[in-house]
Amino acid sequence: MANRFHLGFQLGICVLLLLSIHGHSFYLPGVAPQDFFKGDTLRVKVNKLASTKTQLPYSYYSIPYCRPSKIVDSAENLGEVLRGDRIENSPYEFQMLVPQMCNVVCRLVLDEKTAKEFKEKIDDEYRVNMILDNLPLVVPMSRLEKDSPIIYQHGYFVGRKVQYAGTKEEKYFINNHLTFTVKYHKDSQTDSARIVGFEVNAFSVKHQYDGDWTDKTRLTTCDAHAKRMVTSSDPPQEVENKKEIIFTYDVDFQESDIKWASRWDTYLLMADDQVHWFSIVNSLMIVLFLSGMVAMIMLRTLYRDISKYNQLETQEEAQEETGWKLVHGDVFRPPVNSDLLCVYVGTGVQFFGMILIAMIFAVLGFLSPSNRGGLMTALLLLWVLMGIFGGYASARLYKTFKGTEWKSITLKTAFMFPGIAFAIFFVLNALIWGEKSSGAVPFGTMFALVFLWFGISVPLVFVGSYIGFKKPAIEDPVKTNKIPRQIPEQPWYMSSAFSIFIGGILPFGAVFIELFFILTSIWLQQFYYIFGFLFIVFVILIVTCAEITIVLCYFQLCSEDYLWWWRSYLTSGSSALYLFLYTVFYFFTKLNITKPVSGFFYFGYMLIASYAFFVLTGTIGFYACFWFTRLIYSSVKID
């Protein structure tokens, strides 16, 4: 009952947020708050080790960190598993509002193998991720500019590599002392507290002690009784064979004015919202320019053309006319490879439905960062469920082209895009398996993905196709001639290749600034939560794709070239080529990836993303042109 009330409360807040359109974010926390009283046990969980340098996540216990008596895996959702999250218990336990100083976690003597493992992770700049009360561990970092807000780095580095001046010798130091700060918001009426922040400062300390090591040994470098705290990494703890490492931690509790509902705001601080507004203004300029072009065509040229064509009295006058009306007998002739076009249009509709609904849920706050893996899970489930619309769209178009083998087109729609994406995914997964990374999808999850595809998506595509094919075919506004009209020779600027490449520039230009932030969130491990901005950009993308396709389609028809079906799809779809080229540019300018496997991993997933973008934008352009041609040819009198 409480959960239902909480969900209803969330929905109410969502509506208020959307009505007020708060410029900072449209964010809602996705989990119920937990109250703690003094002395309650706080259990820290460990997540994956992550690196922006390799992009290959590893489980926390893949290197010989201190372990609890029994390692227990937390239940992860589908999205978390695909992201490489492996959430497990840890030996770090706190008591609420009870500060602790210099707690010894464990002592470790390195051998060659363990020293090498630590050095490799330090070399690749791996960071340790932990979780407390569903909040990720962050390291507060000050900016160089005065009065700038503190920024937060996700997780602390395993260690650091130092090269001394004047020598080529490199030494590795491990961060073995953690100073945790748990921020809480106190309820004055009930004396309970809610956790609103989880921060750490990591130090490398060569701990000292007197005598032989026992469980009761007191350290001389860090002692709670003598109030001796660790405040710097001096002297640091080196990673070498036969070196002794003692892992320790402090815990401090700080009261905070931040309320539980706003606790993610500091994590999601957006210091560059001006850039996002610039992105939207830039995109709106493109839209206004294209809208002006479309308005000019529709209001001036088109209505003038239609009224002129309708006023022609003699056949001789009609024959003298040139322009788009001359190709009325060929404009709805089915294109070559019409089956493939139907498949791609159906897949595009499936993508459009998936992204639109996911975006609405994200704007309402249901896919917030607090719900780890929620966005990935939602996208997969929505893709599967949207299969019914994909099947319907492909079968409906197929029947318009006078096709009869609807089962064949259904199978192609159900298997073409998912099959190509799954093949790339399977190869990438095999490469990651070879690196023993936790990012490799386990067999059970792979089976679940195959079940979602074959067990749910394919049947839904068949249901949609069956419904679509049973509907009457869409009637063409004009009859198609039996003999195809010869297309006059076109100038170079009206050629297919030129107009297709030009057509993709503006849709890409409308989204490329936002694309930078999306790539940064994926590959540089930052949160992306500004779905309000993203939704606006998505609407702008739809309008841009539609308008550029309509403009170029009109010019094409005026040149008496009636082969618009595929060209309309490829005109806006070519923006995917620019997207992929941008991801190549981003790889070489923003990322520091050196391992070949990591490079394959990046380009493999960016290829899938670009292919999906091609299908989506191509379908938007196609339907815009489909509507446009039916509108103009149904408006003229054809003898």
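Of the 639 residues of the protein, 50% count as buried, a term that here means under 20% relative accessible area, with exposed meaning over 50% and partly exposed lying in between, for a 1.4 Å probe and protein chains only. The model is a predicted one, in which local features need pLDDT of at least 70 and side-chain atom pairs count only at pLDDT 80 or more, while totals for chains, interfaces and linings use all residues. Residues are numbered from 1 along each chain as its sequence is written, and side-chain values use heavy atoms, with hydrogens and water left out.

Colour the chain by secondary structure to begin, and you will find 16 helices and 13 strands, taken as DSSP runs (H or I of at least four residues for helices, E of at least two for strands) and numbered from the N terminus. Of the contacts (heavy atoms within 4.5 Å) with a separation of 6 or more, 81% join residues 24 or more positions apart.

Next, select Phe94, Phe118, Met130, Phe180, Phe198 and Trp564, which have the most contacts inside the largest nonpolar core, a set of 150 residues; such a core consists of buried Ala, Val, Leu, Ile, Met, Phe, Trp, Tyr and Cys residues joined through side-chain atoms within 4.5 Å. Helix α16 (residues 596-633) contributes the largest share of this core, 19 residues. A second, separate core has eight residues, among them Phe203, Tyr209, Val230 and Ile246.

Stay with helix α16 and pick serine 598, which lies in this helix and counts as buried because its relative accessibility is 0%. Leaving aside neighbours within four places in sequence, serine 598 is in contact with Thr54, Gln55, Leu56 and Ile593. Then move to isoleucine 632, also in helix α16, which counts as buried at 1% relative accessibility. The C-alpha atoms of isoleucine 632 and tryptophan 324 are separated by 9.4 Å, although the two residues are 308 residues apart along the chain.

Finally, show helix α6 (residues 338-363) with helix α8 (residues 387-400), whose axes come within 7 Å and cross at roughly 150 degrees; axes are lines fitted to C-alpha atoms over the stretch in contact, and angles run from 0 to 180 degrees between N-to-C directions. That angle makes α6 roughly antiparallel to α8, a label used for angles over 145 degrees. Residues making the contact include Asp339, Cys342 and Val345 of α6 and Phe389, Leu397 and Tyr398 of α8.

Notes
Angles under 35 degrees count as roughly parallel, over 145 as roughly antiparallel, 65 to 115 as roughly perpendicular and the rest as oblique.
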